[in-house]
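Please read them with the structure open beside you.

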Amino acid sequence: MNWLLRTPYLRTGLTLALLAGFYGLPWLQWNGRQALLLDLVQRRFDLFGLTLWPHDVGLLLALLAFAAVLLALFTHLAGRLWCGHACPQTLWSQLFGWVERGTRWALQGASVEPLLRHALWACLALATGLTVVGLFTPFHPLLMRAVQCRLGAWETFWIVFYAAATWGNAGFLRRHVCRALCPFARVQPLLADAHTPRMLYLAPRGEPRGMRAAGLGSVAARGRGLLDPTTAQDYVFRAAHPELAGSMPLFAADRLGDCVDCRLCVSACPVGLDVREGPQADCLACGACLVACNNVQHATMGTSGLIRYTRPDHGLSAPRRMLRPATLVLLVPLCVLGAWLVARLFAG
């Protein structure tokens with residue numbers, strides 16, 4: 001998956017595609033009806049040609065359970081790629097961040113910049129609220145009532161509710177939602193093991209960190225080679241806890257590792273983590289630190305890969321095992337649910 005994380009254009013394209021898919025969902029038609037519609041008034045759920053009625057609630061719950069187990073299995077095998085690239089909170093945080101950077105670049109600190117930024121945020125939030133409500137009530141009539149200012153009380157309430165939630169979560173609580181409010185973030189560590197990929201800093205190559213003149217090359221080019229893991233982790237601990245370990249000793253430029261201690265990986269992280277301190281449960285695996293580090297490494301060392309998305313046991317003698325106890329625990333209910341759903345759909 002490093003190819004996806006190393007290419008910011010791919011992530012941008014994926015974000016735009018998923019956002020376009022969400023906003024376009026209520027517009028899709030299937031056999032003359034809205035393709036995806038949980039019609040609360042008529043008490044029917046249209047899902048791309050499949051119609052579920054109140055007595056089909058078991059099938060709907062099974063579909064939701066299948067999706068939840070599938071997400072858990074994907075996270076167990078591939079890491080938090082969902083959180084970093086497809087979660088709604090991540091997508092809208094990206095979108096609101098683009099608007100914020102765009103208005104600041106265009107207006108260069110002008111006094112009207114916050115007003116324009118929040119006006120654009122409000123438009124995006126209202127569009128999101130309309131789209132969400134449009135998945136629960138026929139969208140085209142809803143849109144006409146909104147244009148004519150004839151929305152019902154409950155429709156108005158839910159549109160404003162989802163708009164305010166989008167505005168608050170994506171505009172102001174970006175770093176806090178994933179770390180403190182998201183229930184899946186609390187469950188995710190239980191799904192990971194030594195074979196689950198995560199964002200890792202190659203400490204034996206990067207330590208001891210420090211600024212040096214460009215052109216010296218990486219540790220491989222200088223012949224210094226990699227440090228042993230124990231020494232490397234000692235330097236990591238010293239850098240992370242100077243109040244306990246004391247100040248770092250001084251090193252000659254040719255003995256320094258490849259990390260130039262620019263801290264761009266920290267500033268690029270959407271939740272403010274320092275990947276150099278080791279694997280962290282709050283890491284979203286978005287790849288922002290990897291891209292920032294690779295840019296610096298190319299400019300100073302002519303190499304990349306100091307930060308990688310890989311499993312902790314990568315490079316050890318033990319081969320990667322695709323089937324582990326947790327994999328089977330998730331795979332069995334997934335297969336059972338999938339078989340039941342297929343049988344139920346064909347029987348219906």
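1. Helices here (H or I, at least four residues) and strands (E, at least two) are DSSP runs, numbered from the N terminus. This is a predicted model, in which local features need pLDDT of at least 70 and side-chain atom pairs count only at pLDDT 80 or more, while totals for chains, interfaces and linings use all residues. Residues are numbered from 1 along each chain as its sequence is written, and side-chain values use heavy atoms, with hydrogens and water left out.

2. On the overall fold, the protein chain holds 17 helices and seven strands, and its C-alpha atoms fill a box of roughly 75 × 60 × 35 Å along the principal axes. Taking contact as heavy atoms within 4.5 Å, 69% of the contacts in the protein chain with a separation of 6 or more are between residues 24 or more positions apart.

3. On burial and surface, 40% of the 348 residues of the protein chain count as buried, where buried means under 20% relative accessible area, exposed over 50%, and partly exposed in between (1.4 Å probe, protein chains only). The protein chain exposes about 18,800 Å², of which carbon and sulfur atoms supply 69%; these areas come from the Shrake-Rupley method with a 1.4 Å probe, and for residues only the protein chains shown count as cover.

4. The largest pocket has a volume of about 1,200 Å³ and is lined by 35 residues, among which Phe22, Trp82, Ala86, Pro88 and Trp92 lie nearest its centre. Helix α3 (residues 57-78) supplies the largest share of that lining, with six residues. On a 1 Å grid over the protein atoms alone, a pocket is an open set of points with protein on both sides within 12 Å along at least five of seven lines, a cavity is a set where a 1.4 Å probe fits but cannot get out, and lining residues have an atom within 4 Å of a point. Grid points are joined across faces, edges and corners, and a volume is the space filled by probe spheres set on the points.

5. Which residues lie nearest the centre of the largest cavity? They are Cys259, Cys262, Cys265, Cys293 and Leu306, out of 13 lining residues. The count comes to one cavity of 30 Å³ or more, and about 100 Å³ of space lies in the largest cavity. Helix α16 (residues 288-300) gives the most to its lining, with three residues.

6. Some backbone angles deserve a look, because most residues other than glycine have a negative phi, and most peptide bonds are trans. Phe48, in the loop between β4 (44-47) and β5 (50-52), has a positive phi near 50° and is partly exposed at 34% relative accessible area. Ala285, in the loop between α15 (264-268) and α16, also has a positive phi, near 60°, but is buried at 3%. The peptide bond from Glu207 to Pro208 is cis, with omega near -10°, and Pro208 is in the loop between α11 (203-206) and α12 (219-222).

7. Gly171 belongs to helix α8 (residues 153-171) and counts as buried because its relative accessibility is 14%. Leaving aside neighbours within four places in sequence, Gly171 is in contact with Phe96, Trp121 and Thr166. Trp121 is 50 residues away from Gly171 along the chain, yet their C-alpha atoms are separated by 7.7 Å.
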